[in-house]
Amino acid sequence: MDSTGQVKGSSETVKLSYMIDVRRMQVLRAVVATGSVTAAAADLGYTPSAVSQQVAALEKEAGIALLERVGRGVRPTAAGRLLTEHAAIIGKQLAEAETALADLRAGRTGRLAIGYFATAGATLMAPALARLRQAYPGVRVDLRMTDPADPLPAVTQGRIDLAIVVRSADRPPEGVHLVHLLDDPYRAALPKGHRLASKRVVDLIDLADEPWVGSECPGPCLDVILDGCAAAGFQPNVVARSEDYATAQGFVAAGLGVSLIPELGLTNRHPGVVIRKIRNPEPVRAIQAAVRQTSLGQPALDGLLAALRHTATD
(Lines give C-alpha, C1' and ligand atoms only; values in the text may rest on other atoms or scores of the structure.)
Protein backbone atom coordinates (compact mmCIF):
# COMPACT_ATOMS: atom_id res chain seq x y z
CA MET A 1 0.00 0.00 0.00
CA ASP A 2 1.38 3.42 -0.89
CA SER A 3 0.77 6.82 0.73
CA THR A 4 -2.38 7.44 -1.36
CA GLY A 5 -4.19 4.41 0.07
CA GLN A 6 -3.72 2.22 -2.96
CA VAL A 7 -2.62 -1.39 -3.15
CA LYS A 8 0.06 -2.07 -5.73
CA GLY A 9 -0.52 -5.26 -7.73
CA SER A 10 1.74 -6.89 -10.26
CA SER A 11 -0.32 -5.70 -13.23
CA GLU A 12 -2.70 -3.05 -11.90
CA THR A 13 -3.38 -0.69 -9.05
CA VAL A 14 -6.49 -1.50 -7.00
CA LYS A 15 -8.11 1.35 -5.07
CA LEU A 16 -9.46 0.39 -1.65
CA SER A 17 -13.16 1.05 -0.96
CA TYR A 18 -14.15 2.15 2.52
CA MET A 19 -17.47 1.50 4.20
CA ILE A 20 -19.60 4.62 4.62
CA ASP A 21 -20.37 5.45 8.26
CA VAL A 22 -24.12 5.16 8.91
CA ARG A 23 -24.03 7.64 11.81
CA ARG A 24 -22.38 10.28 9.63
CA MET A 25 -25.10 9.72 7.04
CA GLN A 26 -27.67 10.65 9.68
CA VAL A 27 -25.71 13.81 10.45
CA LEU A 28 -25.75 14.70 6.74
CA ARG A 29 -29.49 14.05 6.69
CA ALA A 30 -29.99 16.51 9.55
CA VAL A 31 -27.91 19.17 7.78
CA VAL A 32 -29.89 18.76 4.55
CA ALA A 33 -33.21 18.80 6.41
CA THR A 34 -32.38 22.03 8.30
CA GLY A 35 -30.40 23.73 5.54
CA SER A 36 -27.49 24.69 7.78
CA VAL A 37 -24.75 23.19 9.88
CA THR A 38 -25.66 25.37 12.86
CA ALA A 39 -29.34 24.34 12.87
CA ALA A 40 -28.43 20.66 12.49
CA ALA A 41 -25.99 20.94 15.37
CA ALA A 42 -28.72 22.39 17.57
CA ASP A 43 -31.12 19.57 16.67
CA LEU A 44 -28.51 16.87 17.24
CA GLY A 45 -27.03 18.33 20.41
CA TYR A 46 -23.59 18.69 18.79
CA THR A 47 -21.34 21.69 18.24
CA PRO A 48 -21.28 23.15 14.71
CA SER A 49 -17.61 22.19 14.55
CA ALA A 50 -18.41 18.56 15.32
CA VAL A 51 -21.11 18.46 12.62
CA SER A 52 -18.72 19.98 10.07
CA GLN A 53 -16.08 17.37 10.97
CA GLN A 54 -18.59 14.54 10.55
CA VAL A 55 -19.70 15.81 7.13
CA ALA A 56 -16.07 16.29 6.05
CA ALA A 57 -15.22 12.72 7.11
CA LEU A 58 -18.27 11.42 5.20
CA GLU A 59 -17.20 13.32 2.08
CA LYS A 60 -13.77 11.73 2.37
CA GLU A 61 -15.37 8.28 2.65
CA ALA A 62 -17.66 8.99 -0.31
CA GLY A 63 -14.85 10.51 -2.40
CA ILE A 64 -17.10 13.33 -3.59
CA ALA A 65 -18.55 16.61 -2.31
CA LEU A 66 -21.88 16.24 -0.56
CA LEU A 67 -22.77 19.86 0.28
CA GLU A 68 -22.35 23.22 -1.38
CA ARG A 69 -22.73 26.63 0.17
CA VAL A 70 -25.74 28.79 -0.70
CA GLY A 71 -25.69 32.15 1.04
CA ARG A 72 -25.49 31.47 4.77
CA GLY A 73 -26.71 27.93 4.40
CA VAL A 74 -25.91 24.77 2.49
CA ARG A 75 -27.66 22.50 0.04
CA PRO A 76 -26.89 18.94 -1.06
CA THR A 77 -25.09 18.05 -4.22
CA ALA A 78 -26.42 15.18 -6.31
CA ALA A 79 -24.28 12.81 -4.22
CA GLY A 80 -25.53 14.48 -1.04
CA ARG A 81 -29.16 13.98 -2.07
CA LEU A 82 -28.44 10.33 -2.87
CA LEU A 83 -26.88 9.64 0.53
CA THR A 84 -29.62 11.61 2.30
CA GLU A 85 -32.29 9.44 0.67
CA HIS A 86 -30.49 6.29 1.74
CA ALA A 87 -29.96 7.74 5.22
CA ALA A 88 -33.73 8.16 5.53
CA ILE A 89 -34.28 4.53 4.53
CA ILE A 90 -31.61 3.32 6.95
CA GLY A 91 -33.04 5.47 9.75
CA LYS A 92 -36.49 3.96 9.21
CA GLN A 93 -35.05 0.43 9.20
CA LEU A 94 -33.08 1.09 12.37
CA ALA A 95 -36.21 2.37 14.10
CA GLU A 96 -38.10 -0.74 12.99
CA ALA A 97 -35.25 -2.93 14.24
CA GLU A 98 -35.29 -1.19 17.63
CA THR A 99 -39.06 -1.70 17.89
CA ALA A 100 -38.77 -5.36 16.89
CA LEU A 101 -35.98 -5.89 19.41
CA ALA A 102 -38.03 -4.25 22.16
CA ASP A 103 -40.98 -6.52 21.30
CA LEU A 104 -38.69 -9.56 21.42
CA ARG A 105 -37.22 -8.55 24.80
CA ALA A 106 -40.72 -8.04 26.18
CA GLY A 107 -41.94 -11.38 24.83
CA ARG A 108 -44.47 -9.82 22.47
CA THR A 109 -42.88 -11.60 19.50
CA GLY A 110 -40.38 -14.38 18.89
CA ARG A 111 -40.23 -18.12 18.48
CA LEU A 112 -39.97 -21.03 20.91
CA ALA A 113 -38.89 -24.51 19.81
CA ILE A 114 -40.34 -27.09 22.19
CA GLY A 115 -39.55 -30.80 22.47
CA TYR A 116 -41.96 -33.16 24.23
CA PHE A 117 -42.81 -36.84 24.50
CA ALA A 118 -46.20 -38.26 23.63
CA THR A 119 -47.86 -38.69 27.04
CA ALA A 120 -46.77 -35.20 28.12
CA GLY A 121 -48.37 -33.67 25.04
CA ALA A 122 -52.06 -33.79 25.86
CA THR A 123 -51.82 -33.61 29.64
CA LEU A 124 -49.06 -31.02 30.13
CA MET A 125 -48.10 -29.30 26.92
CA ALA A 126 -51.51 -28.58 25.41
CA PRO A 127 -52.99 -26.72 28.43
CA ALA A 128 -49.69 -24.89 29.03
CA LEU A 129 -49.55 -23.70 25.42
CA ALA A 130 -53.12 -22.45 25.68
CA ARG A 131 -52.06 -20.31 28.66
CA LEU A 132 -48.95 -19.14 26.81
CA ARG A 133 -51.00 -18.06 23.79
CA GLN A 134 -53.24 -15.93 25.99
CA ALA A 135 -50.27 -14.19 27.61
CA TYR A 136 -47.97 -14.00 24.55
CA PRO A 137 -50.14 -14.20 21.41
CA GLY A 138 -47.33 -12.96 19.15
CA VAL A 139 -44.91 -15.77 20.03
CA ARG A 140 -44.71 -18.60 17.49
CA VAL A 141 -44.31 -22.10 18.93
CA ASP A 142 -42.52 -24.88 17.05
CA LEU A 143 -43.53 -28.24 18.58
CA ARG A 144 -41.36 -31.32 18.05
CA MET A 145 -42.07 -34.86 19.20
CA THR A 146 -38.87 -36.23 20.73
CA ASP A 147 -39.81 -39.89 21.36
CA PRO A 148 -37.72 -41.99 21.64
CA ALA A 149 -34.58 -39.85 21.37
CA ASP A 150 -33.07 -37.98 24.31
CA PRO A 151 -33.87 -34.27 23.72
CA LEU A 152 -31.25 -32.88 26.12
CA PRO A 153 -28.50 -32.60 23.47
CA ALA A 154 -30.88 -30.49 21.38
CA VAL A 155 -31.38 -28.20 24.39
CA THR A 156 -27.66 -27.82 25.13
CA GLN A 157 -26.89 -27.16 21.45
CA GLY A 158 -29.63 -24.53 21.18
CA ARG A 159 -31.72 -26.41 18.63
CA ILE A 160 -34.73 -26.36 20.97
CA ASP A 161 -35.49 -23.91 23.78
CA LEU A 162 -37.33 -26.24 26.15
CA ALA A 163 -37.80 -30.00 26.41
CA ILE A 164 -40.06 -32.11 28.58
CA VAL A 165 -37.87 -34.90 29.90
CA VAL A 166 -37.83 -37.79 32.35
CA ARG A 167 -34.75 -37.54 34.53
CA SER A 168 -33.41 -39.40 37.52
CA ALA A 169 -31.71 -37.71 40.44
CA ASP A 170 -28.37 -37.42 38.63
CA ARG A 171 -26.96 -34.02 37.80
CA PRO A 172 -28.20 -32.36 34.59
CA PRO A 173 -25.74 -31.63 31.77
CA GLU A 174 -23.63 -28.51 32.23
CA GLY A 175 -25.54 -25.37 31.32
CA VAL A 176 -28.98 -27.02 31.60
CA HIS A 177 -31.55 -25.98 34.20
CA LEU A 178 -34.21 -28.53 35.21
CA VAL A 179 -37.61 -27.52 36.54
CA HIS A 180 -39.54 -30.31 38.28
CA LEU A 181 -43.12 -30.48 37.04
CA LEU A 182 -44.66 -33.63 38.48
CA ASP A 183 -44.09 -37.21 39.61
CA ASP A 184 -45.83 -39.77 37.41
CA PRO A 185 -46.26 -43.12 39.24
CA TYR A 186 -46.44 -46.42 37.39
CA ARG A 187 -49.51 -48.62 37.76
CA ALA A 188 -49.92 -52.36 37.29
CA ALA A 189 -51.96 -53.30 34.23
CA LEU A 190 -53.55 -56.73 34.76
CA PRO A 191 -55.90 -58.82 32.58
CA LYS A 192 -59.47 -58.90 33.86
CA GLY A 193 -59.92 -61.96 36.05
CA HIS A 194 -56.25 -62.01 37.04
CA ARG A 195 -55.53 -63.48 40.47
CA LEU A 196 -54.35 -60.05 41.73
CA ALA A 197 -57.21 -58.06 40.22
CA SER A 198 -59.21 -58.18 43.46
CA LYS A 199 -56.51 -56.29 45.36
CA ARG A 200 -56.60 -52.49 45.63
CA VAL A 201 -52.80 -52.27 45.85
CA VAL A 202 -50.33 -54.80 44.44
CA ASP A 203 -46.89 -55.47 45.91
CA LEU A 204 -44.35 -55.31 43.10
CA ILE A 205 -42.82 -58.62 44.21
CA ASP A 206 -46.18 -60.30 43.50
CA LEU A 207 -45.49 -59.74 39.78
CA ALA A 208 -42.09 -61.42 39.88
CA ASP A 209 -43.25 -64.76 38.45
CA GLU A 210 -45.61 -63.27 35.86
CA PRO A 211 -44.89 -62.94 32.14
CA TRP A 212 -44.45 -59.24 31.35
CA VAL A 213 -45.45 -56.96 28.49
CA GLY A 214 -42.75 -54.32 28.06
CA SER A 215 -44.22 -50.83 27.72
CA GLU A 216 -41.08 -48.69 27.45
CA CYS A 217 -38.17 -48.36 25.04
CA PRO A 218 -34.65 -48.27 26.49
CA GLY A 219 -34.09 -45.03 28.36
CA PRO A 220 -34.93 -43.27 31.62
CA CYS A 221 -38.54 -44.51 31.75
CA LEU A 222 -37.52 -48.15 31.39
CA ASP A 223 -34.77 -47.53 33.95
CA VAL A 224 -37.42 -46.51 36.49
CA ILE A 225 -39.22 -49.84 36.02
CA LEU A 226 -36.07 -51.97 36.10
CA ASP A 227 -34.74 -50.15 39.17
CA GLY A 228 -38.06 -50.75 40.95
CA CYS A 229 -38.02 -54.45 40.12
CA ALA A 230 -34.40 -54.74 41.22
CA ALA A 231 -35.29 -53.09 44.53
CA ALA A 232 -38.07 -55.68 44.94
CA GLY A 233 -35.58 -58.46 44.25
CA PHE A 234 -36.32 -59.68 40.72
CA GLN A 235 -35.86 -59.05 37.01
CA PRO A 236 -39.05 -59.00 34.89
CA ASN A 237 -39.58 -61.81 32.36
CA VAL A 238 -40.58 -59.81 29.27
CA VAL A 239 -42.39 -61.97 26.69
CA ALA A 240 -43.83 -59.19 24.51
CA ARG A 241 -42.86 -55.57 23.89
CA SER A 242 -44.66 -52.45 22.81
CA GLU A 243 -43.48 -48.86 23.03
CA ASP A 244 -47.09 -47.70 22.75
CA TYR A 245 -49.17 -47.76 25.94
CA ALA A 246 -52.46 -48.48 24.15
CA THR A 247 -50.95 -51.47 22.36
CA ALA A 248 -49.36 -52.69 25.60
CA GLN A 249 -52.82 -52.64 27.23
CA GLY A 250 -54.15 -54.65 24.29
CA PHE A 251 -51.47 -57.28 24.85
CA VAL A 252 -52.33 -57.38 28.56
CA ALA A 253 -56.06 -57.71 27.81
CA ALA A 254 -55.28 -60.63 25.51
CA GLY A 255 -53.61 -62.41 28.43
CA LEU A 256 -50.02 -62.20 27.16
CA GLY A 257 -48.78 -60.84 30.48
CA VAL A 258 -48.87 -57.98 32.97
CA SER A 259 -47.36 -54.57 32.48
CA LEU A 260 -46.41 -51.34 34.23
CA ILE A 261 -47.78 -48.17 32.65
CA PRO A 262 -47.47 -44.60 34.00
CA GLU A 263 -50.61 -42.72 34.98
CA LEU A 264 -50.16 -40.22 32.15
CA GLY A 265 -50.25 -43.15 29.74
CA LEU A 266 -53.61 -44.37 31.04
CA THR A 267 -55.88 -41.61 29.78
CA ASN A 268 -57.53 -44.16 27.46
CA ARG A 269 -58.00 -47.41 29.35
CA HIS A 270 -58.65 -50.73 27.66
CA PRO A 271 -61.90 -52.32 28.87
CA GLY A 272 -60.18 -55.68 29.24
CA VAL A 273 -57.53 -54.36 31.64
CA VAL A 274 -57.59 -53.73 35.40
CA ILE A 275 -55.34 -50.95 36.74
CA ARG A 276 -53.95 -51.20 40.28
CA LYS A 277 -51.55 -49.15 42.39
CA ILE A 278 -48.13 -50.61 43.22
CA ARG A 279 -46.10 -50.54 46.43
CA ASN A 280 -42.82 -51.81 47.88
CA PRO A 281 -41.60 -49.93 45.89
CA GLU A 282 -43.82 -47.74 43.74
CA PRO A 283 -41.88 -46.88 40.55
CA VAL A 284 -42.24 -43.17 39.77
CA ARG A 285 -40.83 -41.21 36.86
CA ALA A 286 -39.93 -37.56 37.49
CA ILE A 287 -41.12 -35.33 34.65
CA GLN A 288 -39.16 -32.11 34.27
CA ALA A 289 -38.69 -29.20 31.92
CA ALA A 290 -35.14 -28.67 30.65
CA VAL A 291 -33.94 -25.25 29.47
CA ARG A 292 -30.54 -23.65 28.96
CA GLN A 293 -29.48 -21.58 31.93
CA THR A 294 -28.59 -18.72 29.60
CA SER A 295 -32.18 -18.66 28.30
CA LEU A 296 -33.74 -18.04 31.71
CA GLY A 297 -35.16 -14.55 31.99
CA GLN A 298 -36.70 -14.49 28.52
CA PRO A 299 -40.34 -13.47 29.12
CA ALA A 300 -42.02 -15.97 26.79
CA LEU A 301 -39.88 -18.90 27.95
CA ASP A 302 -40.40 -18.00 31.61
CA GLY A 303 -44.11 -17.70 30.85
CA LEU A 304 -44.17 -21.20 29.39
CA LEU A 305 -42.34 -22.61 32.44
CA ALA A 306 -44.89 -20.94 34.70
CA ALA A 307 -47.75 -22.32 32.59
CA LEU A 308 -46.27 -25.84 32.76
CA ARG A 309 -45.93 -25.65 36.54
CA HIS A 310 -49.49 -24.37 36.84
CA THR A 311 -50.79 -27.17 34.60
CA ALA A 312 -48.85 -29.80 36.54
CA THR A 313 -50.37 -28.72 39.85
CA ASP A 314 -53.97 -28.43 38.59
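A: What follows begins with the core and then turns to strand pairing, a loop residue and a record annotation. This is a predicted model, in which local features need pLDDT of at least 70 and side-chain atom pairs count only at pLDDT 80 or more, while totals for chains, interfaces and linings use all residues. Residues are numbered from 1 along each chain as its sequence is written, and side-chain values use heavy atoms, with hydrogens and water left out.

A nonpolar core here is a set of buried Ala, Val, Leu, Ile, Met, Phe, Trp, Tyr and Cys residues joined through side-chain atoms within 4.5 Å, where buried means under 20% relative accessible area, exposed over 50%, and partly exposed in between (1.4 Å probe, protein chains only). The largest such core has 46 residues, and the members that touch the most others are Leu162, Ile164, Leu207 and Leu308. At least two residues of this core come from each of β5 (110–116), α5 (118–135), β7 (162–166), β8 (176–191), α7 (220–232), β14 (284–292) and α9 (299–313); helices (H or I, at least four residues) and strands (E, at least two) are DSSP runs, numbered from the N terminus. The greatest contribution to this core, 7 residues, is made by α9. When neighbours within four places in sequence are left aside, Leu308 is in contact (heavy atoms within 4.5 Å) with Leu124, Met125, Ala128, Leu162, Ile164, Leu181 and Ala289. Another core, of 17 residues, lies apart from the largest one and includes Met25, Leu28, Leu67 and Ala87.

Turning to the strands, two of them pair if DSSP finds at least two bridges between them. The core contributor β8 pairs with β13 (residues 273–279) in the antiparallel sense over 4 bridges, and Ala189 has Ile275 of β13 as its bridge partner. Strand β9 (residues 201–203) runs parallel to β13 and is joined to it by 3 bridges, with Val202 partnered by Ile278. A further parallel pair is formed by β10 (residues 211–214) and β11 (residues 237–241), joined by 4 bridges, and in this pair Pro211 stands opposite Asn237.

As for the loop, Thr146 sits between β6 (139–145) and α6 (152–156) and is buried, with a relative accessible area of 13%. Beyond its neighbours within four places in sequence, Thr146 is in contact with Gly115, Tyr116, Phe117 and Pro151.

Finally, the unreviewed UniProt entry places the feature "domain: HTH lysR-type" at residues 20–77, a stretch that is 62% helix and 14% strand in this model.

Note on methods:
UniProt positions renumbered as here; feature names shortened; annotations may be inferred.
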